[in-house]
Amino acid sequence: MARQKSSAGTPATVALTAAGIPFTAHPYEHDRAAPSFGLEAASALGVEPDRVFKTLLADTDLGLVVGVVPVTGMLDLKALAAAVGAKRAVMADPAVAERRTGYVVGGISPVGQKTRHTTVVDETAQLFDTVFVSGGKRGFDIELSPDDLLAATDGTFAAIAK
């Protein structure tokens with residue numbers, strides 16, 4: 001993958017470029033009627049859905065935590081809580097998620113968030129050379145290696161999908 005300039009201009013691409021982390025930008029035409037942003041991205045980009053990951057925020061007794069899971073599955077809140085040493089986790093209010101990340105729901109990237117959060121990436125990401133995550137807006141994904149995703153987010157791998 002070639003290092004990309006922040007041509008899309010999202011906080012995610014700016015953060016990756018500043019950190020010297022290689023990524024590939026993948027814009028696509030977003031359909032507002034799509035029932036699943038992640039499955040729409042997989043289809044539009046011609047990528048197997050297991051390689052496309054969604055970014056979700058959960059509220060725990062330790063604060064907000066980011067969970068990054070395949071779009072084909074769901075976030076296991078108990079597993080996420082356990083992965084960060086919290087007692088419980090519930091999905092964060094979408095308005096809070098937008099305010100704290102600086103992104104809109106459906107375009108929340110795990111990279112370049114306004115407020116840095118503890119991030120856990122589902123361990124299945126390690127099965128692929130590269131994965132796709134939101135680039136910071138609907139209709140724009142970025143492709144990078146799972147290890148680079150961890151580096152960009154100071155994240156960890158754990159089994160958090162079901």
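1. Are E143 and R51 buried or exposed? Both E143 and R51 are buried, where buried stands for a relative accessible area under 20%, exposed for over 50% and partly exposed for what lies in between, calculated with a 1.4 Å probe and protein chains only. For R51 the relative accessible area is 15%.

2. Please keep in mind that this is a predicted model, in which local features need pLDDT of at least 70 and side-chain atom pairs count only at pLDDT 80 or more, while totals for chains, interfaces and linings use all residues. Residues are numbered from 1 along each chain as its sequence is written, and side-chain values rest on heavy atoms, with hydrogens and water left out.

3. Three strands make up an open sheet in the order β1-β7-β6, with antiparallel pairing; strands (E, at least two residues) and helices (H or I, at least four) are DSSP runs numbered from the N terminus, and two strands pair if DSSP finds at least two bridges between them. The edge strands, each pairing on one side only, are β1 (24-27) and β6 (131-137). On average, neighbouring strands of this sheet are turned by 35° against each other, with direction ignored; the axes behind such angles are lines fitted to C-alpha atoms, and the angles run from 0 to 180 degrees between N-to-C directions.

4. Within this sheet, β6 and β7 (residues 140-144) run antiparallel and are joined by five bridges. V133 stands opposite I142 in β7.

5. Side chains of opposite charge can pair when their charged atoms come close. A salt bridge is counted when a side-chain nitrogen of Lys or Arg lies within 4 Å of a carboxyl oxygen of Asp or Glu, and by this rule the count comes to three.

6. E143 and R51 form a salt bridge with an N to O distance of 3.3 Å, and this pair links distant parts of the chain, since E143 belongs to strand β7 and R51 to the loop between α2 (37-45) and β2 (53-60), 92 residues apart. R51 also forms a salt bridge with E48, where the closest N and O atoms are 4.0 Å apart. E48 is partly exposed, with a relative accessible area of 40%.

7. D154 lies in the loop between α5 (146-153) and β8 (156-158) and R116 in the loop between α4 (94-101) and β5 (118-122), so the pair ties together parts that are 38 residues apart in sequence. Both D154 and R116 are exposed.
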